[in-house]
Amino acid sequence: MFAHAIGFDDAPFDRAHRGNVPVIGAVYARTTLHAVVRGHVRRDGRNSTAELARLVALSPEHLQLVLLQGIALAGFNVVDLPGLHVATGLPVLVVARKAPDLDRIRAALLSRVPGGARKWRLIEAAGPMEPCGGVYVQRVGLTLAQAEAALHTFTVTGRVPEPLRAPHLIARALVQGHSRGGRA
């Protein structure tokens with residue numbers, strides 16, 4: 001069903017960093033890279049949804065799906081999944097290797113992050129992560145069966161789809177001068 005997707009990941013950053021963090025998007029037709037977009041989001045900020053929507057708008061018109069590696073970028077810049085779905089008109093699929101420790105995330109947000117209560121509400125509104133195709137997913141605008149089919153379509157090696165592996169590698173290379181294979 002889904003043949004064209006864009007996946008996003010943020011670049012690594014120093015724990016003490018308090019500015020903008022690069023975000024890379026990779027546009028794929030099945031398992032072939034077609035385009036790359038670059039933007040930035042604020043560390044622990046609140047501009048991730050708008051920035052991802054802007055980057056999707058810069059991408060080819062035939063996109064059918066947005067993939068994210070986790071619900072937050074640049075620390076706790078939490079993406080409003082339903083908001084991104086509405087802004088882009090595309091289904092949104094969040095992929096994680098393992099289920100997050102929600103108690104720990106909630107505690108961190110509510111005690112250490114500006115706007116943490118709002119960000120926690122966004123995480124709660126996204127719904128629980130579900131096991132799917134060897135990973136965990138959150139989804140807006142697609143069924144669990146469609147999510148599993150999308151994972152199958154876009155995954156070549158391991159469990160992480162190519163539209164998420166590529167921006168992970170590109171973002172690391174931009175910041176550190178090189179990237180490593182292995183886990184994305």
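This is a predicted model: local features need pLDDT of at least 70, side-chain atom pairs count only at pLDDT 80 or more; totals for chains, interfaces and linings use all residues.
As for handedness, α1 and α2 make a right-handed crossing. Looking at who touches whom, on the α1 side we have Thr49, Leu52, Ala53 and Val56, and these meet Gly83, Leu84, Ala87 and Thr88 on the α2 side. Sorted by class, the residues of this contact are five nonpolar and three polar, with no charged residue among them.

Now to a second pair, α3 and α4, where the axes lie 8 Å apart and the angle is about 150°. Since angles over 145 degrees count as roughly antiparallel, α3 and α4 are therefore roughly antiparallel to each other. The crossing in which α3 passes α4 is right-handed. In the contact itself, α3 brings Leu102, Ile105, Arg106, Leu109 and Leu110, which meet Gly116, Ala117, Lys119, Trp120 and Ile123 of α4. By class, the contact of α3 with α4 has seven nonpolar residues, one polar and two charged.

That brings me to the largest pocket, whose volume is about 1700 Å³. Of the 46 residues that line this pocket, those closest to its centre are Gln69, Ala72, Gly75, Phe76 and Ile105, and you will recall Ile105 as one of the α3 residues in the contact with α4.

Which elements supply at least two residues each to the lining of the largest pocket? Among the strands they are β1 (4–10), β5 (72–73) and β7 (92–96), and among the helices α3 (102–112), α4 (116–126) and α6 (162–176). The largest share of that lining comes from α3, with six residues. In terms of class, the lining of the largest pocket has 27 nonpolar residues, 13 charged and six polar.

To close, then, α3 is the helix to keep in view, as it both packs against α4 and gives the largest share of the lining of the largest pocket.

Technical notes
Residues are numbered from 1 along each chain as its sequence is written. Side-chain values use heavy atoms; hydrogens and water are left out. On a 1 Å grid over the protein atoms alone, a cavity is a set of points where a 1.4 Å probe fits but cannot get out, and a pocket is an open set with protein on both sides within 12 Å along at least five of seven lines; lining residues have an atom within 4 Å of a point. Grid points are joined across faces, edges and corners, and a volume is the space filled by probe spheres set on the points. Helices (H or I, at least four residues) and strands (E, at least two) are DSSP runs, numbered from the N terminus. Ala, Val, Leu, Ile, Met, Phe, Trp, Tyr, Cys and Pro count as nonpolar, Asp, Glu, Lys and Arg as charged, and the others, Gly among them, as polar. Axes are lines fitted to C-alpha atoms, for helices over the stretch in contact, and angles run from 0 to 180 degrees between N-to-C directions. Angles under 35 degrees count as roughly parallel, over 145 as roughly antiparallel, 65 to 115 as roughly perpendicular and the rest as oblique. A crossing is left-handed if the near helix is turned anticlockwise from the far one by less than a right angle, and right-handed if clockwise. Contact means heavy atoms within 4.5 Å.
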